[in-house]
Amino acid sequence: MRAFIILIAVLALSACAGQPRQGDPAPVVRVTPRPEQAPTPESAESAAEDPAVAEPQTEVYAYRDPAQLPAPEVVAEPGPTGSTVPALVSEAPTQSPAPTPAPVEQRPSAPSVRSNAPAAITPPPPETPRTAAVTTPQQAPAQPAPAPASSVSAPDLPAAAEALARQAERQRQSGDYAGAAASLERSLRIAPKQAYLWNRLARVRLEQGQTGQAGNLASRSNNLAGEDAAVRRDNWLIIADVRRRAGDAAGASEAERRASGG
């Protein structure tokens, strides 16, 4: 940079020197140097006594963050014309002294008194008498009472139907009404027009408690009985029992009358 400035100055001087001067010649000025005055003893003493001439001292301050400085407090000061002029007064933050804890008064504890009296003994609760669990023996389901033997004699039937009819009668008398009904239904598939088989199935349904079906089967047996008085009589007795269980006393009496041949 310094060489660049020197180069510019040299170029400017060469430009000025190249052009011929016009006009009057420049005046010649002679400079006479001023003689230096030696300091007098009086001036040296006054300079030593004057505190302003003394060598300045350097003061060092600790750095403080401007963001942590407290905001200056504005204080109104009276002006020359009586008006108040706000002035900025900065105060260092004051720290409130920590409160000292109040002294705790220690009170002497009362001496413990031991009692020589025996401690009360709580009696155990009375035991409740235990009752022995009584187990009642489970009763076996009541077996149905055996049905009386049939008063109707079996007519001539096919061999398979007759065997099934005898088996059904044995099952009915032993109380196996479901087995007896199944055997009679199988025999009816072989001989469906035999009034005796319908009468036996009606008697089984009545003993099972199926009164409505028993009455219908007895009426159907009457339609196929013809001149068989024994089958007709037993059918009317079944119908009388069905009507009595239904609360029809008059119908039961009429059925009993017809069963007796009236």
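Start by selecting arginine 200 and glutamate 169: both are buried. The model you have open is a predicted one.

**Stop 1**

Show the side chains of the two residues. Arginine 200 makes a salt bridge with glutamate 169, and their closest N and O atoms are 3.6 Å apart. Now color by helix. Arginine 200 sits in helix H5 and glutamate 169 in helix H3, so this pair ties together parts that are 31 residues apart in sequence.

**Stop 1: the two helices**

Select residues 159-173 for helix H3 and residues 195-207 for helix H5. Two packed helices are described by the angle between their axes and the distance between the axes. Here the axes of H3 and H5 come within 11 Å and cross at roughly 20 degrees. That makes H3 roughly parallel to H5, because angles under 35 degrees count as roughly parallel. The crossing of H3 and H5 is left-handed.

**Stop 2: the contact between H3 and H5**

On the H3 side, pick Ala165, Glu169 and Arg172. On the H5 side, pick Tyr196, Leu197, Arg200, Arg203, Val204 and Glu207. These two sets meet. Which classes of residue make up the contact of H3 with H5? There are 4 nonpolar and 5 charged residues, and no polar ones.

**Stop 3: back to glutamate 169**

Are glutamate 169 and arginine 172 buried or exposed? Both are buried.

**Stop 4**

**Stop 5: another pair in H3**

Move to glutamate 162 and arginine 166. They form a salt bridge, and the closest N and O atoms are 2.5 Å apart. The two residues are 4 apart in helix H3, which means about one helical turn separates them. Check their surroundings with a surface display. Glutamate 162 has 26% relative accessibility, so it counts as partly exposed. Arginine 166 has 52% relative accessibility, so it counts as exposed.

**Last stop: the whole structure**

Zoom out. How many salt bridges does a search of the whole structure find? The search finds 10.

Technical notes. Residues numbered from 1 in each chain as written. Predicted model: local features only at pLDDT ≥ 70, side-chain atom pairs only at ≥ 80, totals over all residues. Heavy atoms only, no water. Axes fitted to C-alpha atoms, helices over the stretch in contact; angles between N-to-C directions. Parallel < 35°, antiparallel > 145°, perpendicular 65-115°, else oblique. Left-handed = near helix turned anticlockwise from the far one by under 90°. Contact = heavy atoms within 4.5 Å. Nonpolar A, V, L, I, M, F, W, Y, C, P; charged D, E, K, R; others polar. Salt bridge = Lys/Arg side-chain N within 4 Å of Asp/Glu carboxyl O. Buried < 20%, exposed > 50% of the residue type's maximum accessible area, 1.4 Å probe, protein only.
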